[in-house]
Amino acid sequence: MKILLEKKNYIFIIINACFFQFIACLFYINEDLLTPISEVLRIIEGQITYQDYSSHNGPLLALLFYFFTYAFELFNAYLLLSILINVSFALVSYKILLLINCNNNISFCGGLLAGIWFLPMMGGAYYDHLSYLFGFLSFYLVFRIKETHIKYLIIGTLMGLSFWTKPSLGFIVSLFVGISIILLNELNFDLFKKILFLIIGGLL
């Protein structure tokens, strides 16, 4: 019964996040959102980030956006990427709330609100939001996945992706996740190995 309820919650959270993000992309635009769009247009023209043009953000969002343009026209690529980011964040928020022992109704409402508030309030895919998504994923994995060195390699990789999306925000997110891992473990050689795998993952 509990598993069935969770599956229904997933479906409603996904539909909710898709709907509000679709509406936001259709009817809302601001000058900040033109930044990743202009970056993709530069990449399509063959320009290279930091070499042919300057950016205070990381190159990851623009590269993901560029990847989507291989299969879709520019607006459709932006729409699908925005929906993917918003749905992913809503689902991760729901899972984190369940993880910290919130009851199912509260977690479900949190997932719905995340789908309405997270990216639709911005309008569409943006650097900060993708960086937050990678940070939330890494934080979720700290508590969810079985203790292995691969786990910390994956978490480190997500922290690195957060940094390469928005360096300033990614650094803060990585610091928070790193401190959480230190506080959850005893000070011994095993902790040193976990930190080493985090660093290796972040450098991949």
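**Exercise 1. Work out which secondary structure elements build this predicted model.**

Let's start by walking along the sequence. The elements come in the order α-α-α-α-α-α-α-α-α. Counting them up, the protein has nine helices and zero strands.

**Exercise 2. Find out how the radius of gyration fits a compact globule.**

Begin with the chain length, which is 204 residues. For that length, a compact globule would have a radius of gyration near 17 Å. The protein has 18 Å, so the value agrees with the rule. To picture the outline, note that the C-alpha trace spans about 50 × 45 × 25 Å along its principal axes.

Next, look inside: 44% of the 204 residues are buried. Then turn to contacts with a separation of 6 or more: 71% of them join residues 24 or more positions apart.

**Exercise 3. Describe how helix α4 meets helix α6.**

First, locate the pair: α4 covers residues 74-99 and α6 covers residues 127-144. Their axes come within 10 Å and cross at roughly 30 degrees. Angles under 35 degrees count as roughly parallel, and α4 and α6 are therefore roughly parallel to each other. The crossing of these two helices is left-handed.

Now see who takes part. From α4, the contact uses Ile85, Ser88, Phe89, Val92, Ser93, Lys95, Ile96 and Leu99. From α6 come Leu130, Leu133, Phe136, Leu137, Phe139, Tyr140, Phe143 and Arg144.

Note on methods. Residues numbered from 1 in each chain as written. Predicted model: local features only at pLDDT ≥ 70, side-chain atom pairs only at ≥ 80, totals over all residues. Heavy atoms only, no water. Axes fitted to C-alpha atoms, helices over the stretch in contact; angles between N-to-C directions. Helix = DSSP H or I, 4+ residues; strand = E, 2+ residues; numbered from the N terminus. Parallel < 35°, antiparallel > 145°, perpendicular 65-115°, else oblique. Left-handed = near helix turned anticlockwise from the far one by under 90°. Contact = heavy atoms within 4.5 Å. Rg over C-alpha atoms; globule rule 2.2 N^0.38 Å. Buried < 20%, exposed > 50% of the residue type's maximum accessible area, 1.4 Å probe, protein only.
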